[in-house]
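Colleague: I would like to learn how to read a structure such as this one. Please show it to me, and I will ask about its features in turn.

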Amino acid sequence: QRQMCIRDRDTTAHNITLPSGATLEFLSITAVYDNANDNSVVTMLTYGDVEVLFTGDLSADVADANSGLFSDVEVLKAGHHGSRTSVSSQFLQTTKPEYVVISAGLDNSYGHPHKEALSAYLNTGADVYGTFRSGDIVMTTDGQKISFNTTDKLTLSDAVSYTHLRA
């Protein structure tokens, strides 16, 4: 049975200003997609000069089709747990993250993060962190400087090769 998302057709940006002065902007992906992942809520958190982009489970194709919504960010919460389908070179050239955080369970059945995605993130020169390695990851900022509660950066050897899973 197919499940459909109910979407508000209002394409104006919706913002929430938090007590700290940070702003959470809901970015409007204008189309409705058959794949529920592509209907993810996409948000940008801005505090001072620091921007953090959350793309949910958006696929690379949909992110690329909506590239006008994205800009250079300091922190990218990796899409779809670091799936190979969630990132493209176009997206990374647009967002230019300094830090990437991948939320994926240790030894998960999907093999996240995939080697292809982790390689793409690492090739940007970003510092990449993963919850499967460090547990909860907390970012702190004063609007200028950024720090994380871990210094345990990922390397390509932390990825699971998709081809290995299918062999």
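Colleague: Which strands each supply at least two residues of the lining of the second largest pocket?

Modeller: Keep in mind that this is a predicted model. To read a lining, look up the element to which each lining residue belongs. Here strand 4 (50-54) and strand 5 (75-77) each give at least two residues to the lining of the second largest pocket. Among the lining residues are Val52, Phe54, Val75 and Lys77. Others include Leu45, Val101, Ile137, Val138, Met139 and Phe148.

Colleague: How many residues of that lining are nonpolar, polar or charged?

Modeller: Sort the list by residue type. The lining of the second largest pocket has 9 nonpolar residues, no polar ones and 1 charged one. The space in this pocket is about 150 Å³.

Colleague: Now the strands. How do strand 1 and strand 2 run, and how many bridges join them?

Modeller: Look at direction, then at partners. Strand 1 (residues 14-17) and strand 2 (residues 23-27) are antiparallel, with 4 bridges between them. His14 has Phe26 as its bridge partner in strand 2, and Ile16 has Leu24.

Colleague: What do strand 1 and strand 2 form, and which residue in the turn has a positive phi?

Modeller: The two strands make a hairpin, with 5 residues between them. Gly21 in the turn has the positive phi, about 100°.

Colleague: Where does strand 2 pair next, and which residue stands opposite Leu24 in strand 3?

Modeller: Strand 2 is also joined to strand 3, by 5 bridges, and this pair runs antiparallel. Leu24 faces Leu45 of strand 3.

Colleague: What is Phe70 in contact with, leaving aside its neighbours within four places in sequence?

Modeller: With those neighbours set aside, the contacts of Phe70 include Leu27, Val42, Leu53 and Phe91.

Terms used. Residues are numbered from 1 along each chain as its sequence is written. This is a predicted model: local features need pLDDT of at least 70, side-chain atom pairs count only at pLDDT 80 or more; totals for chains, interfaces and linings use all residues. Side-chain values use heavy atoms; hydrogens and water are left out. Two strands pair if DSSP finds at least two bridges between them. On a 1 Å grid over the protein atoms alone, a cavity is a set of points where a 1.4 Å probe fits but cannot get out, and a pocket is an open set with protein on both sides within 12 Å along at least five of seven lines; lining residues have an atom within 4 Å of a point. Grid points are joined across faces, edges and corners, and a volume is the space filled by probe spheres set on the points. Ala, Val, Leu, Ile, Met, Phe, Trp, Tyr, Cys and Pro count as nonpolar, Asp, Glu, Lys and Arg as charged, and the others, Gly among them, as polar. Contact means heavy atoms within 4.5 Å.
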